[in-house]
Structures are given as structure tokens and as C-alpha cells.
Amino acid sequence: MSPDGPEHRSGHVAIAGAPNVGKSTLLNALVGAHLSIITARPQTTRRNLIGVLTGSGFQAVLVDTPGLLDPAYRLQSLMRRHAVQAIESADVLLLLVDAQRATASGFDPDRLTADALGIAGGRVPVILALNKVDLVHKPSLLPLLAHYHGSGDFQAVVPISALAADGLEGLMDEVRRFLPPGPALYPEDTLTDQPERFFAAEYVREAVFERYYQEIPYTVATQVEEFRRGRGKTYIRVVVWVEEERHRPILLGKGGRGVKAVGRAARERIEALLEEPVYLEIFVKVVPGWREQDGRLRELDLF
Ligand code: GDP
Ligand code: MG
């Protein structure tokens, strides 16, 4: 089918939900690329990131958003603003709920979905994806599905496992059904709208989180200071911001071994993306209180 024929469908699909429900895992699984960094920590995603999924007769511009949460400081209020903007400008809202948490006793998932539904305000079709069903005993899923079907809030309810890439075809069938008619918004081979240097910074941040799960708090930022393509090799310098002086030696490690290991992990991912050798240098800088400073947040392109 032609990408601009009358039957073609296209639009923006906001992937929203509470922190850690698997939004970024789902985006990556759907586009088949490691675009959005994933860690076991909530609040890893700080800004909206698109992944373009082009199929036969449709193009879905998937928008991964930061988790909806009540902001406690400036960075979080910007994160919430990004998520709200994505939901407000979406053609379809894909709302994720963690099926395991939802089936746990004493946990009320409706409080989380009500927030997103309130922002959507009935203007867009809402598809509910019950994620992480690989962790749930099947019989306990049935009442949950019945509950959401019965609520009348959702055009479709689909159980999935983003991690196991299970149920994704059925999910995309529903998404496609609710996309408005329209031509492709991006060339067919487009994956995302972010420049390569964005991914360099993100992969370093991901590697820091992976290596220092306990020791280094969530308040790490990464900034690319130099990104220079040479003959067959790219030179990249990334600065890692930490909030406290005591985090610097932790990150550096004995004889610089910590930062070297972070660099190795990040470099491999950047090389896979750029498909050429990379020379990656990492520096650590103490930037107290950056989460509260508009100037710093602007430097990180988070504003
Ligand atoms: P986000 O904060 O909503 O973007 O969540 P992430 O995609 O970063 O995932 C948070 C955590 O949940 C990570 O440790 C993922 O590996 C895990 N996760 C995501 N989807 C699934 C799933 O379908 N099954 C299981 N078991 N874990 C998942
Ligand atoms: Mg995320």
C-alpha cells in the first residue's frame, strides 16, 4: 500500500504510565532498536523520545514519555510536563499498567490510570496494555482484564510482555485500528528524531546506572562536550554530572577502573549504533543542585 494513499494511517502514539511499568522496554521492542535506555530504576526516562514504526499501510510515531508522577523538584516537573505534552498531542494514548503490581493485594492501579485519563480528557482513543504478564499467574489476570474492560475507559485492553516481546502484534493491531487516516510523517527508514550525540550521552548514563546500582543515586546527568567524526573513527567526550563530591571517587573507582568499565560498556553500544569505531572519553564533574537549576536543565536539553 502506498504511504500516501487514501487507506494509509498515521499518527502519534503516546506511551504513558507510572514510573517503571515498562514504557521504554515497549518502545524498543516495537521498533527493534535500543533507543530508550532502560534500567531497573524508576525515573530513568527524562524526556520524550520518538521511535518510528513503519508497517504495511501505517506509520505509528511512538512517543516514550517520562513516568507520570507528582513532581518534587524542578527536573521532575519538567519530566511531567513532557509526558503531559505528549499525551495532549497524541492521536492514540497507549497506557501501560504493571500487571504484577496491579494484582498485588492492596495496590490500586486505577489511581495511576486516572491521572493519564484526566490529561487525555476523552479527546483521544485510549488503549490499555497490561504489561509484565510473564510475572503473573494467568488466573489472576482474568479479573483484572474484566475490571478494565468493564470500566468503559478503554477502547481496547491487551495483555502483553514487553520484555518477552509477547502480545505485541495484537497490541499494534489495536493501535493501527485507531490511527487516523493520513500519509507517513517520516521517511520509511527513519527510526527516531534524536541526533547521534543524544544516544552517546544516554548510553553513558545507562552504563553508570548499571554499574553503580546501589552507590550512585538517580541524580546523575550526562552531557556530550565533543562529538567529532574523524576518518573511520568518532571521538566523543562525555561529562558525567554528579551532585556530591563523595560520588566522584565512587564513579572513578580504584585507579580509574570504574569509569573505564562504564566507558567500555557505553562505547560498545555507541559503536553498534554508529557502525564504526569510537574513541570515548569520560570525565566526572560535581554539579551541586543541577536538578533545581533551569540553566543546567537547559544545558542538558531537558527544558
Ligand atoms: P519505564 O520506566 O516505564 O520506561 O520502564 P522500563 O522500560 O525502564 O522498565 C523498567 C523495568 O521493568 C526494567 O527492569 C525492565 O526490564 C522491566 N520490564 C519491562 N517490561 C517488562 C516485562 O514485560 N516483563 C518483565 N518481567 N519485566 C519488564
Ligand atoms: Mg522509561
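The model is predicted: local features need pLDDT of at least 70, side-chain atom pairs count only at pLDDT 80 or more, and totals for chains, interfaces and linings use all residues. Residues are numbered from 1 along each chain as written, chains are lettered from A and ligands numbered from 1 in written order, and side-chain values use heavy atoms, without hydrogens or water.

**Stop 1: ligand 1.** Select ligand 1 and the 16 residues around it, meaning those with a heavy atom within 4 Å. Asn20, Gly22, Lys23, Thr25 and Asp134 come nearest. By class, the shell holds six nonpolar, seven polar and three charged residues; Ala, Val, Leu, Ile, Met, Phe, Trp, Tyr, Cys and Pro count as nonpolar, Asp, Glu, Lys and Arg as charged, and the others, Gly among them, as polar. Now colour helix 1 (residues 23-31), which gives the largest share of this shell, three residues. Helices here are DSSP runs of H or I with at least four residues, and strands are runs of E with at least two.

Next, show the polar contacts (N or O pairs within 3.5 Å). A polar side-chain atom of Lys23 lies 2.7 Å from a ligand 1 oxygen. A polar backbone atom of Asn20 is 2.9 Å from an oxygen of ligand 1. For Leu163, a backbone N or O atom lies 3.1 Å from a ligand 1 oxygen. On its own, ligand 1 has 580 Å² of accessible area, and the protein covers 88% of that (Shrake-Rupley, 1.4 Å probe).

**Stop 2: the cavity.** Select Ser36, Ile37, Thr45, Arg46, Arg47, Leu49, Phe198 and Glu202, the lining of the largest cavity. A cavity is a set of points on a 1 Å grid over the protein atoms alone where a 1.4 Å probe fits but cannot get out, and lining residues have an atom within 4 Å of a point. The space inside is about 50 Å³. Three lining residues are nonpolar, two polar and three charged.

**Stop 3: aromatic rings.** The model has five aromatic pairs, with ring centres within 6.5 Å. Select Tyr235 and Tyr279. Their ring centres are 5.7 Å apart and their planes at 15 degrees, so the pair is stacked (planes under 30 degrees apart). Tyr235 sits in strand 8 (residues 234-242) and Tyr279 in strand 9 (residues 278-286), so the pair ties together parts 44 residues apart in sequence.

Definitions and conventions
A polar contact is a pair of N or O atoms within 3.5 Å; within protein, one must be able to donate a hydrogen and the other to accept it, and residues adjacent in sequence count only if both atoms are side-chain atoms. On a 1 Å grid over the protein atoms alone, a cavity is a set of points where a 1.4 Å probe fits but cannot get out, and a pocket is an open set with protein on both sides within 12 Å along at least five of seven lines; lining residues have an atom within 4 Å of a point. Grid points are joined across faces, edges and corners, and a volume is the space filled by probe spheres set on the points. Rings of Phe, Tyr and Trp (its six-membered ring) pair if their centres lie within 6.5 Å; planes under 30 degrees apart count as stacked, over 60 as edge-to-face and the rest as tilted.
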